[in-house]
Amino acid sequence: MPLTAHGIPEILALGGRDLGRSQWKEVTQELIDAYAYVSGDHQWIHTDAARAAAGPYGRTIAHGFMVLSWGIPMFGELLQVTGVGRALNYGVNRVRHPAPVPVGGRVRLHARVTAVSEVARGGVQMTRAFTFELEGSGKPACVAESLTHFYP
């Protein structure tokens, strides 16, 4: 069950809180191919299984931005925000992809609320540390700082 924060005061109280980890998500070739279709990124390392088998990872790997795009739905497994008028994705800082995610691999999100600060129009900015853990790897698949604005 995700934690629930209701309204701006409860969001402000989340600063410094570790929210834990989401469920594992398996990377399938079907997901990779769908992401390639919608993003237009058809590089062979992602979509050509035969060529990738002879490549540096021995199989296809997920797009780094595909993994990053899972941050919001995975975060929703950890925290539900209610009692606000709107939430806006404000941006992402410091994105890195330390380890490739092979087809068949599994990823989950570890999220921490590193800060919550007031912004204009009565809103708050939540800054979150996202670490996408790659099962069986000593390195994460992706790390990023995600920013969301919440308004009454």
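Modeller: Happy to. This is a predicted model. To start with the arginines, R86 lies over the face of Y151, with 4.3 Å to the ring centre.

Biologist: Nice. And which ring does R128 lie over?

Modeller: That would be F75: R128 sits over its face, at 4.3 Å from the ring centre.

Biologist: OK, F75 then. How many aromatic pairs turn up in the whole structure?

Modeller: Searching the whole structure gives two aromatic pairs. In one of them, the ring centres of F75 and F130 are 5.7 Å apart and the planes are at 35°, so this pair is tilted.

Biologist: Why tilted and not stacked?

Modeller: Stacked needs planes under 30 degrees apart and edge-to-face needs over 60. The F75 and F130 planes are at 35°, so the pair falls into the tilted class.

Biologist: Good. Switching to pockets: what is the volume of the largest pocket?

Modeller: About 170 Å³.

Biologist: Which residues line it?

Modeller: The lining of the largest pocket is made of I72, F75, G76, L79, V81, V84, A87, L88, N89, R128, T148 and F150.

Biologist: Which elements supply at least two lining residues each?

Modeller: Those are α6 (71-76), β4 (79-82), β5 (86-96) and β8 (142-151).

Biologist: And how does the lining split by class?

Modeller: Eight of the lining residues are nonpolar, three are polar and one is charged.

Biologist: Let's zoom out. How many helices and strands are there in the chain?

Modeller: Six helices and eight strands. Reading from the N terminus, the order is β-α-β-β-α-α-α-α-α-β-β-β-β-β.

Biologist: What does the C-alpha trace span?

Modeller: Roughly speaking, about 55 × 30 × 25 Å along the principal axes. The chain has 152 residues, and 40% of them count as buried.

Biologist: And how much of the contact set comes from residues 24 or more positions apart?

Modeller: They make up 71% of the contacts with a separation of 6 or more.

Biologist: Now backbone angles. Which residues have a positive phi although they are not glycine?

Modeller: R94 is one of them, with a phi of about 50°, and R121 is another, with a phi of about 60°. Most residues other than glycine have a negative phi.

Biologist: Where are R94 and R121 placed?

Modeller: R94 is in strand β5, while R121 is in the loop between β6 (106-118) and β7.

Biologist: Buried or exposed, those two?

Modeller: Exposed: R94 has 59% relative accessibility, and R121 has a relative accessible area of 64%. The cut-off for exposed is over 50%, so both qualify.

Biologist: What does V143 touch?

Modeller: Leaving out residues up to four places away in sequence, V143 touches R94, V95, R96, P98, F130 and T131. V143 itself is in strand β8 and is partly exposed, at 24% relative accessible area.

Biologist: Last one: where does G55 lie?

Modeller: In the loop between α4 (49-53) and α5 (64-69). G55 is partly exposed, with 22% relative accessible area. Its C-alpha atom is 49 Å from that of H6, which is 49 residues away along the chain.

Key. Residues are numbered from 1 along each chain as its sequence is written. This is a predicted model: local features need pLDDT of at least 70, side-chain atom pairs count only at pLDDT 80 or more; totals for chains, interfaces and linings use all residues. Side-chain values use heavy atoms; hydrogens and water are left out. On a 1 Å grid over the protein atoms alone, a cavity is a set of points where a 1.4 Å probe fits but cannot get out, and a pocket is an open set with protein on both sides within 12 Å along at least five of seven lines; lining residues have an atom within 4 Å of a point. Grid points are joined across faces, edges and corners, and a volume is the space filled by probe spheres set on the points. Helices (H or I, at least four residues) and strands (E, at least two) are DSSP runs, numbered from the N terminus. Ala, Val, Leu, Ile, Met, Phe, Trp, Tyr, Cys and Pro count as nonpolar, Asp, Glu, Lys and Arg as charged, and the others, Gly among them, as polar. Rings of Phe, Tyr and Trp (its six-membered ring) pair if their centres lie within 6.5 Å; planes under 30 degrees apart count as stacked, over 60 as edge-to-face and the rest as tilted. A charge sits over a ring if NZ of Lys or CZ of Arg is within 6 Å of the ring centre and within 35 degrees of the ring normal. Buried means under 20% relative accessible area, exposed over 50%, partly exposed in between (1.4 Å probe, protein chains only). Contact means heavy atoms within 4.5 Å.
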